[in-house]
Amino acid sequence: MIKPRLAWAITGSGHYIEECLDFLLTLDDVDLYISQAGEEVLKMYGIDLSDIRAKMPVYRDKAASAPPVGHFYKGHYHTFVMAPATSNTVAKCVLGIADSLVTNLYAQAGKCRVPSIVYPCDTAPEMETTAPGGKVMVYPRRIDLEATEKLRTFEYTTVVDNVDELIIKVNERLKTLK
Ligand SMILES: Cc1cc2nc3c(=O)[nH]c(=O)nc-3n(C[C@H](O)[C@H](O)[C@H](O)COP(=O)(O)O)c2cc1C
């Protein structure tokens with residue numbers, strides 16, 4: 001029996017992406033999953049995938065059926081973290097859509113009763129966010145905020161509102177596994 005690991009997904013959101021990565025890189029026993037947009041966006045923020053690869057396995061979104069999600073059915077993962085999560089991915093998740101690697105991971109985690117911790121980029125009507133050139137203001141629409149609220153009601157799901165809370169919730173979860 002292999003030791004269960006943490007599955008972490010990055011989507012195409014620049015929202016506190018560097019802070020999310022800084023924390024992620026402090027953790028052990030993590031597999032990283034990246035959406036197609038996530039790969040592009042990481043490059044735009046000057047983040048080199050090969051640096052991350054040196055620390056952990058990285059799965060890219062290259063197949064229609066998202067084969068690595070089978071890992072959930074074999075007990076490979078104790079927790080799924082999605083941070084940061086785009087409006088697009090959150091909207092799909094709350095509709096039950098699983099048509100990409102990351103939306104599949106969220107759906108299959110739920111179906112396998114594996115807890116998910118999600119940091120959506122739309123948590124308030126007015127926010128500071130990270131563009132490639134620096135901080136900018138963003139005004140999430142009602143539909144984006146409604147999707148975040150709906151996700152909070154999903155089973156096996158914890159939604160966090162900022163990076164500090166993300167760190168607390170992930171650490172709490174890891175502590176319960178010790
Ligand atoms: C530099 C950059 C930053 C972006 N940041 C965000 C973001 O913070 N939130 C968001 O919802 N979309 C953001 N996008 C747009 C998404 O990448 C786009 O909607 C993409 O289709 C999302 O795909 P995914 O959800 O599969 O990762 C950004 C795009 C670029 C180019």
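Which residues of the largest nonpolar core touch the most other members? In this predicted model, local features need pLDDT of at least 70 and side-chain atom pairs count only at pLDDT 80 or more, whereas totals for chains, interfaces and linings use all residues. Residues are numbered from 1 along each chain as its sequence is written, and side-chain values use heavy atoms, with hydrogens and water left out.

A nonpolar core is here a set of buried Ala, Val, Leu, Ile, Met, Phe, Trp, Tyr and Cys residues joined through side-chain atoms within 4.5 Å, where buried denotes under 20% relative accessible area (1.4 Å probe, protein chains only). The largest such core holds 29 residues, of which Trp-8, Leu-32, Ile-52 and Leu-166 touch the most other members. Among the elements that give two or more residues to this core are β1 (5-10), β2 (30-34), α1 and α8, helices being DSSP runs of H or I with at least four residues and strands runs of E with at least two, numbered from the N terminus. The most is given by α1, with 5 residues.

The axes of α1 (residues 17-24) and α8 (residues 163-177) come within 10 Å and cross at roughly 25 degrees, the axes being lines fitted to C-alpha atoms over the stretch in contact and the angles running from 0 to 180 degrees between N-to-C directions. The two helices are therefore roughly parallel, a description applied to angles under 35 degrees. Their contact (heavy atoms within 4.5 Å) is made by Glu-19, Cys-20 and Phe-23 of α1 together with Val-163, Leu-166, Ile-167, Val-170 and Asn-171 of α8. Leu-166 also touches, among others, Trp-8, Val-81 and Tyr-119, residues up to four places away in sequence not being counted.

Notes:
Parallel < 35°, antiparallel > 145°, perpendicular 65-115°, else oblique. Buried < 20%, exposed > 50% of the residue type's maximum accessible area, 1.4 Å probe, protein only.
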